[in-house]
Amino acid sequence: MDTTGSTSSDSPRRILVSGATGYVGGRLIPCLLREGRYAVRCFVRDAGRLRDRPWADDVEIVEGDALEYDTIPPAMEGVDAA
């Protein structure tokens, strides 16, 4: 990795977004997807709340709760940034 944060790999960087059903997360995710350089993983308590989002089929969804420690490591696996 160089100092700009880019990698030599052609694979997209995996970004974990918590709060995908909220104001900020719900607006950040489409921006990341438009860039085309990111694979987005959403960390949500209830995956059903994302089903009506236009981008729901373009992201990976992991259910968990930041207050439940055991759900965090699986969500973070393989993530480049959160």
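**Figure 1. The salt bridge between Glu 60 and Arg 14.** In this predicted model, Glu 60 and Arg 14 form a salt bridge in which the closest N and O atoms are 3.2 Å apart. Because Glu 60 belongs to strand β3 and Arg 14 to strand β1, the pair ties together parts of the protein that are 46 residues apart in sequence. With a relative accessibility of 33%, Glu 60 counts as partly exposed, and Arg 14 is likewise partly exposed, its relative accessible area being 26%.

Figure 2. Is Arg 41 buried or exposed? At 7% relative accessibility Arg 41 counts as buried, because the limit for a buried residue is set at under 20% relative accessible area. Taken together, Arg 14, Arg 41 and Glu 60 are linked in a network of salt bridges.

**Figure 3. The salt bridge between Glu 35 and Arg 37.** The count of salt bridges in the protein comes to three, and one of them is formed by the side chains of Glu 35 and Arg 37, which meet at 3.6 Å, N to O. Glu 35, which has a relative accessibility of 47%, counts as partly exposed.

**Figure 4. The sheet formed by the three strands.** The strands make up an open sheet in the order β1-β2-β3, and their pairing is parallel. Strands β1 (13-18) and β3 (60-63) stand at the edges with a single partner strand each, so one side of each is left without a neighbour in the sheet. On average, neighbouring strands of this sheet are turned by 25 degrees against each other, direction ignored.

Figure 5. The secondary structure of the protein consists of two helices and three strands, and reading along the sequence gives the pattern β-α-β-β-α. Helix α1, made up of residues 23-35, lies across β1 and β2, and the helix runs at about 160 degrees to β2.

**Figure 6. A nonpolar patch at the surface.** Which residues form a nonpolar patch on the surface? The patch is formed by Tyr 23, Val 24 and Leu 28, which together have about 340 Å² of accessible area. Leu 28 is found in helix α1, and at 37% relative accessibility this residue counts as partly exposed. For the protein as a whole, the accessible surface comes to about 5700 Å², of which 48% belongs to carbon and sulfur atoms.

Figure 7. Ile 72 is found in helix α2 and is partly exposed, with a relative accessible area of 25%. Ile 72 and Val 62 are ten residues apart in sequence, and their C-alpha atoms are 9.7 Å apart in space.

**Figure 8. Ala 82 in the segment after helix α2.** Ala 82 lies in the segment that follows α2 (72-76), and with a relative accessibility of 75% this residue counts as exposed. When residues up to four places away in sequence are not counted, Ala 82 touches Leu 16 and Met 76. Although Ala 82 and Arg 14 are 68 residues apart along the chain, their C-alpha atoms are separated by 8.7 Å. As an overall figure for such pairs, residues 24 or more positions apart account for 50% of the contacts in the protein with a separation of 6 or more, while buried residues make up 32% of the 82 residues.

Terms used
Residues are numbered from 1 along each chain as its sequence is written. This is a predicted model: local features need pLDDT of at least 70, side-chain atom pairs count only at pLDDT 80 or more; totals for chains, interfaces and linings use all residues. Side-chain values use heavy atoms; hydrogens and water are left out. Two strands pair if DSSP finds at least two bridges between them. Helices (H or I, at least four residues) and strands (E, at least two) are DSSP runs, numbered from the N terminus. Axes are lines fitted to C-alpha atoms, for helices over the stretch in contact, and angles run from 0 to 180 degrees between N-to-C directions. Contact means heavy atoms within 4.5 Å. Buried means under 20% relative accessible area, exposed over 50%, partly exposed in between (1.4 Å probe, protein chains only). Accessible areas come from the Shrake-Rupley method with a 1.4 Å probe; for residues, only the protein chains shown count as cover. Patches are made of residues with over 30% relative accessible area and no salt bridge: like charges are joined within 9 Å, nonpolar side chains (Val, Leu, Ile, Met, Phe, Trp, Tyr) within 5 Å. A salt bridge is a side-chain nitrogen of Lys or Arg within 4 Å of a carboxyl oxygen of Asp or Glu.
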